[in-house]
Every structure is written in C-alpha cells, then in structure tokens.
Amino acid sequence: MLRRRINKKQIILQGISISKGIAIGKPFFLFQKKNVPNQTLSEQEVLEEIERYRGALKKSKEDLKYLQRRFIKDGAFVVADILDAHLEILQDPVITELVEKNIRKTHKNTEVVFQQVIGEYKLSIKDKFFKERIKDITDVSWRVFSHLNPIKESLEVEKNCIIIANEINPSDVFEIKNKIVSAFITDKVGYSSHVGIIARAKGIPFIAKIDINLLNNVEIENLIVDGISGIVIINPTLKNLEKYKKLKINFFKFYVELKKQIDFLTKTKDGKDIKIFSTIESLKDVDFVFKYKTEGIGLFRSEYLFFQDRKIPSEKKQFYVYKEIAKKLKNKPFIIRLFDFGGDKDFLFKEKKDFFEINPMLGCRGIRYLIKNEDLLKIQLKAILKASIHGNIKILIPFVSNLSEISFVKDKIKEVMSELKDANIPCKKVLIGMMMEVPSAAIISNIFIKEVDFCSVGTNDLMQYIMAADRANNDVNVFFDSLDYSILKLLKEIVDNSNFYGKPLILCGEMMLNPKFIELLIGLGIRNISLSARQMLEIKYLIMKINASLAEKKVKKILTFLN
Amino acid sequence: MKIVKKVKVKNKFGLHIRPAAAIAKILQSKKSSVFFTYKNDTVNARSVMGILSLVIKKNSIISVSVEGVDAEITMKEVTEVLNKCFEEE
C-alpha cells in the first residue's frame, strides 16, 4: 500500500480513500498511547487524586449521556445502545474500587493506575473474537484520560489541522467540528467502519492504510490530503501546493455543479431516460423527493416505524404517516414495502424472548414473518388501504420466495377491503409488487412477475444469497466488489422478463453506490432506480456520463463471451 | 435468600460487551449480590469487565448465584438477559 517517492523533502504516500475531498494543512498527531505521566503522590495528594479520578469519571459520563441524547434524537438507537455499554463500563464498580484502592496503595497518579487496571483485564482476555469486541474499552479509557488532562486536548488542535493517528474512535469524529479538522489520516480503519461513515456524512476527507510509523522521524511543515486518489503529500513542493489549491477549488465547484444538476432530468449521454426515485425511512425524509426532484418514493422502509418508537406502531399512527406522505407526494408514486423484519434487522425484536434463530438470514424474514403474525400484516394493510385515497400508493412484498406468499397477501388485501367497505371507509385498489431478492424467485422470475404489478430488485440480499456470502464478513465480502457472471445473467433475465410482461422494475440496493456497476446496470436495461439521499447527486452525475447503447453492447458482449 | 442456578448462554457471540452491560444495567436497581462462576472463576456480575474477563461463549453453561432480599426477581431478570439474543453488529 505504500509508495514512497522522495523529491527533496516531499514525500508521497499512497493509501485508501475513505472519504473524498481535498485538504491542505498542518499535521496534528493524535496518538492513543500518549506518554502517561508517572508521579508518586504524597498522602495528602492521594485524596485529591481520587477526587480527580471521580471528577473525570463524572465528566465522561456526562459526555456519553449528552452524545446518547443526540443519537436518540437522530433515531440512531443502535449507536445509543453502544454508548449505553460505554456508560456501564465507566460505572463498573469493581474497576472503580480497584483503581481507588490502588491509588491509595501505590501512591501513583490515576493515569498510571487506571491504565494498569484496564490493561490487566485486557491482557486476561486472550480469545481473538472477544479481543476484537472489547475495542470499546479503549474508547472509554481514552475518554477518561482526556478528562484527566482537559486543557491539552482541545487547545493544541490548531485550526484547519489534519489529524494523523493509528486509529480513530467513532466518538472522536462525531464530536469534531469541520472548521477545526480538515482531514484525517490513519493506519487502520476500513471503508465501511463507523468512523468512515461519519466522516463521509460530515464531508471530511479521510485516507486510511498509511503507515503512520514512517512519519515518526519526518519533520512535517504542512501536508496535502488528496481524498480523491487516496494520496498524502508531505511537505509538498510549491508546484504541488499550487496544483492542489486549484483542485480544492475545483472540487468545491464540482459539488456546486452536482447541485445544479438537480433541475435536469436524468438522461444518459445518448438520451435514454433514467428514472430516479427516493428510498426513505421516515415521514420527514419525504422532503428529499422535492429537494432532489425525484419521481417519487421507490422504497419506503416501513419497518423503520418500529425503529423510531421501538414498539409496534398502531393502525392510527401508521395511517397518519402513510396519509401525510401520500398527500405531500400528490400523485407521485409511493411504494410502501411491508414490514421487513428478521435477518439483520432482528434487533427490533430484542424484547421478544421467543424470537431466536440460529441463522436469521435464512429464517423467518420479511413476508414469512408477516404470514406468521397475521394481525400485524392486517393492521398494516388496513392503514395503507385507508391512506390509499390520498395519493398513488403501491404495496411491495418483501422477501418473497414462494408464490403462495403473494396470494396470501392478495387474499388479506381483499379481506381488509371488504371490512373497510362494510364500515363505510373509503379505499382504493392498490398495485402490488414483490421484492426480487431470493434466488428461488429470481431464478424463475418469469413465473413470479406474472403474479404482480411491478417488482423491485434488492441487490444486497440477492447478491448475498446467490454468492452464499455475508457482506458483513470481511473474509468473504470481496464477492461484493465485483459483479459475478451468475448475477449479471440473472439480472438480465429479470429485466427481460419485466419488459416482456410489461411489469415495471425498480432497482434498490447499494449496488448502485459502486460506480463500477452503474454502467453495467444501465447496460442490463435497468431504467428505474431508487436511491437514498446521500449518494443521489453523485450517481446522477455518473449516469449522465454513460452512453446507454454502448453499455448495452458491452453487457451483451460479456454475456455472449461467457456463454 | 440465596439462589444458585445453572444457565446456558444463548447469545450468538457469547457474553461480550453489550450483554454484559445489559446485565450491569439491570442490577443497578437490585439489592441482591450476584456472582457468575465459569471454569472455576467467579466474578461480580455488576462488573462489565469482570464478566468479559470470563470469556463466555455461546452455549456455555455458567453458574449464577444470587443472594439478597430481591433474589427471585433478580435471578429471573438476569436469566432473561442470558437467554436473550443481542443484535450483532
């Protein structure tokens, strides 16, 4: 990963870009293993030291509680849960007692004692898996340390500095202000890490896989972070400095340019229309449809309604959300995916003791769960159908693997409609679609497509099930970096079948986020895509650079070549 | 009252930070003293680090000992957490 070119004092290091953008600034070294002050205390000082330790603990707790409130406000309950665990570690009575006892016994300062106590626990855990999981402890002890020495931490960071560290904790990035830190350089940290996600959301350039130790003996005047090509230039030449100053302006202009595109219809270079829809999770997300001028909502992940309240939303609450969104959209399509529980979303059922599966990804997911919990399905259908008169609502069935599941939903819709009619509540017929994400349906998509009005391809799950590879598993997720022939062939069949039967197809999923795939997907004949707001503009930009007929030829060539 | 019970850990990845923290959280409001014993090591269940140091993996059977005025309800709630599955990130 390392390319070193010495040109007088200029050093160029190649890493991996985690977050795009360009920054020029002065370095700020942030080492986890700071020099711990080592002092021997007098009897009197021991008491003060214990107070200092308690004070740092208290401040750390306040920090965590504050962060937690913010995450809860943003609906990020999983993060809030992680912070909950951090709080418990801070409040660990055995640790607190031991630290205080050892301060008294050894007459050493808190830093020394604390590090030793935590260190012993960490050492005692030899199991590799557990070791990985207790990384949080580093985060917690670091927080306590920063409160023991509060002044140095915040003041030494200059404006516009570039932070260099072996590793960065999510909470650090979260708390950092863009104005102060202009970029990050680290050794460890992966693209999909929490830190990476937060940095991208905040628009802070970030390069990883840089061997920090190489910089130990280098005097750094200033440096450039090129988050586009993943390069770090240390002590750049005047020429490079000028070049990057220009690039920085251009990069900014590029984003301004991207924003201008909002008003254009999405067309490929050769004039083919591509329809972009929004993928949303809550009522307030509906604004993205207007902000980015999309065609409507291609995917409403209704299970996130649970996520917000952590309980089953009542029919009334659901009706309100669906109605409000439908009204705001006027007649633009509003595709509601029925609750998609299970799989990697089983955290919603934490409270349910009886919901345990050895292999949740192959378990009671999506429509399977709803069939087992018919009441839940009926409440949702009722809310949707009641809201149907307020707009252009369509129903999408998740995780269909068997035809009977489609007829089950259809029957329930009929049932609910007649109930509504009996109660004199108006409703409208809605179109029904299915998620094409289970191989058993995708392989014979021609048969399934006939049974529905439209279909939606969930690329994440489809790829995962076809390749039998978990995308969260670092050892096998290379399968997701390229498009396997099997997937290409299957997608082609699905697109062809949807065209043949005249049933619209929308592509959802992260596959589009990989620029390498966009051309192939367009070439396969994908014309409708649903995206979340974050990558909308960039993908639109990339699509507009693609020549669709050329892409189609390319795909054809690949398919015939491999045949 | 003192209750001692053998409990099987069902969480997929064993008792790592989040389950351990959940146990500590429950115990905050309880008066009983609670100890976990696994492979001859005994720790205070109120200590997240203590629980972690036992390295308890899925399907391990641990001995839970609860002593105090609210032993029954404490045992019940602790057992529930041990039987529960946490979302694994």
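What share of the contacts in chain B with a separation of 6 or more comes from residues 24 or more positions apart? In this predicted model, the figure comes out at 73%. Put another way, residues 24 or more positions apart along chain B account for 73% of the contacts counted at a separation of 6 or more. Chain B has 89 residues, and 44% of them count as buried.

Read from the N terminus on, the elements go β-α-β-β-α-β-α. The four strands come together as an open sheet, but the order in the sheet is E1-E4-E2-E3, with antiparallel pairing. E1 and E3 (41–44) of chain B sit at the edges, each pairing on one side only. From one strand to the next, the twist averages 25°.

Now for the pairings themselves. Strand E1 of chain B (residues 2–8) is joined to strand E4 of chain B (residues 61–67) by seven bridges, and the two run antiparallel. Within this pairing, B:Val7 has B:Ile62 of E4(B) as its bridge partner. On to the next pair: E4(B) also pairs with strand E2 of chain B (residues 33–38), again in the antiparallel sense, over five bridges.

Helix H3 of chain B (residues 71–83) lies across E1, E2 and E4 of chain B, and runs at about 10° to E1(B).

Why is strand E11 of chain A described as largely enclosed by the rest of the structure? Five of its six residues are buried, so the rest of the structure largely encloses E11(A). The pairings of E11(A) described here are parallel, one with E18(A) and one with E12(A). Four bridges link E11(A) to strand E18 of chain A (residues 528–531), and A:Ile276 stands opposite A:Ile529 in E18(A). Three bridges link E11(A) to strand E12 of chain A (residues 297–301), where A:Ser278 has A:Ile297 of E12(A) standing opposite.

Note on methods
Residues are numbered from 1 along each chain as its sequence is written. Chains are lettered from A and ligands numbered from 1 in the order in which they are written. This is a predicted model: local features need pLDDT of at least 70, side-chain atom pairs count only at pLDDT 80 or more; totals for chains, interfaces and linings use all residues. Two strands pair if DSSP finds at least two bridges between them. Axes are lines fitted to C-alpha atoms, for helices over the stretch in contact, and angles run from 0 to 180 degrees between N-to-C directions. Two residues are in contact if their C-beta atoms, placed from the backbone, lie within 7 Å. A residue is buried if 20 or more other C-beta atoms lie within 10 Å of its own, exposed if 12 or fewer, and partly exposed in between; C-beta atoms are placed from the backbone.
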